[in-house]
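Here are some notes to read alongside the structure. Keep the 3D view open and click along as you go.

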Amino acid sequence: MCETCGCGQGSIPVKITRPGEPEANEHHHEPHSHGHHHDHDHSHDHDHPHDHDHSHDHDHSHDHDHSRQRLIRVEEDILSKNNLLASRNSGYFEAKGVVALNLMSSPGSGKTTLLELTIKALEGKRPVAVIEGDQQTLNDAERIDQAGAPVVQVNTGNGCHLDAEMIRLAVDKLELQERSVLFIENVGNLVCPSLFELGEKHRVVIISVTEGEDKPLKYPTMFEHADTCIINKTDLLPYVDFDTELVRKYALSVNPHLRIMELSAKTGDGMEPWIQWILDLKP
């Protein structure tokens with residue numbers, strides 16, 4: 001899980017802000033201790049008899065197995081707590097007829113550009129709202145605000161993903177309309193976001209043609225847990241060495257039920273199936 005990525009180092013100051021608001025207060029978020037119990041019981045009983053019988057009965061009872069078991073239990077507790085909150089979020093969304101989509105990708109795959117184009121394409125057809133996740137800055141939220149959608153920015157500090165509690169706090173700042181679509185743009189990361197449910201209806205993983213075809217093989221958990229995959233930046237295909245058929249093959253080998261769409265968020269080519277899929281979504 002996130003035991004070495006940095007998000008578990010103490011209390012995480014999370015800022016939740018709407019564009020144009022004063023600086024947000026920090027919510028100190030403490031779910032990810034990840035149990036760094038370095039209880040290595042180093043009881044080195046070096047019993048050195050004077051007759052130089054170097055049997056060195058080193059009783060190295062480091063208790064590594066117990067430490068590892070405690071770590072696993074703590075991580076399971078974290079996920080259990082998160083999934084309980086995610087279920088509550090899901091119930092709230094269902095009651096309001098809201099469809100939540102969790103958008104996940106590496107940094108630079110084009111999530112925000114895709115969202116901007118999607119918001120404009122859905123104007124007058126279906127209400128939308130957005131929760132933006134980044135470690136710092138309001139840059140993406142300001143872009144979404146200019147595109148015409150209500151948006152809340154969640155800054156996770158040193159956190160590498162959004163979680164269900166962050167979504168609950170963000171939703172408190174949004175006035176979600178009935179039958180709307182809530183886009184959740186997760187922190188750019190193909191590892192940790194795949195482990196944390198948010199209450200979403202669908203999980204969408206976005207890759208771009210500027211990345212390697214082996215992304216599904218390198219990060220299988222992300223593709224296993226997604227139900228839709230967007231291959232973005234197809235306008236660059238003439239200029240990069242990228243085999244779309246190969247990446248489809250790899251993705252489907254990890255998740256045979258994955259829905260795959262190819263598009264360019266820059267030119268708009270291939271956007272129609274994506275937009276129609278969103279319009280057809282039911283809570």
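1. Let's begin with one residue. Asn 232 sits in strand E8, which covers residues 228-232. Bear in mind that this is a predicted model.

2. Is Asn 232 buried or exposed? Its relative accessibility is 2%, and buried means under 20%, so Asn 232 counts as buried.

3. Who are its neighbours? Leaving out residues up to four places away in sequence, Asn 232 touches Ser 109 and Gly 110, then Ile 206, Ile 207, Ser 208 and Val 209, and also Leu 263, Ser 264 and Ala 265.

4. Now zoom out for a moment. The protein has eight helices and nine strands. Of its 283 residues, 48% are buried. Take the contacts with a separation of 6 or more: 73% of them are between residues 24 or more positions apart.

5. Next, have a look at a helix pair. Helix H2 (residues 111-122) packs with helix H3 (residues 139-147) at an angle of about 15 degrees, and their axes are 9 Å apart. Angles under 35 degrees count as roughly parallel, and H2 and H3 are therefore roughly parallel to each other. Their crossing is right-handed.

6. Which residues make that contact? From H2 come Thr 112, Thr 113, Leu 115, Glu 116, Ile 119 and Lys 120, while H3 brings Asp 140, Arg 143, Ile 144 and Ala 147. Sorted by type, the residues of this contact are four nonpolar, two polar and four charged.

7. Just after H3, look for Gly 148, which takes a positive phi of about 105 degrees.

8. Last stop: helix H8, residues 271-280. Met 271, Trp 274, Ile 275, Trp 277 and Ile 278 are buried there. Looking down the axis of H8, you'd find these buried residues within an arc of 155 degrees, so they line one face of the helix.

9. What do the buried residues of H8 pack against? They pack against H2 and several strands: E3 (99-105), E6 (181-185), E7 (202-208), E8 and E9 (259-262).

Definitions and conventions: Residues numbered from 1 in each chain as written. Predicted model: local features only at pLDDT ≥ 70, side-chain atom pairs only at ≥ 80, totals over all residues. Heavy atoms only, no water. Helix = DSSP H or I, 4+ residues; strand = E, 2+ residues; numbered from the N terminus. Buried < 20%, exposed > 50% of the residue type's maximum accessible area, 1.4 Å probe, protein only. Contact = heavy atoms within 4.5 Å. Axes fitted to C-alpha atoms, helices over the stretch in contact; angles between N-to-C directions. Parallel < 35°, antiparallel > 145°, perpendicular 65-115°, else oblique. Left-handed = near helix turned anticlockwise from the far one by under 90°. Nonpolar A, V, L, I, M, F, W, Y, C, P; charged D, E, K, R; others polar. Arc of directions from axis to C-beta.
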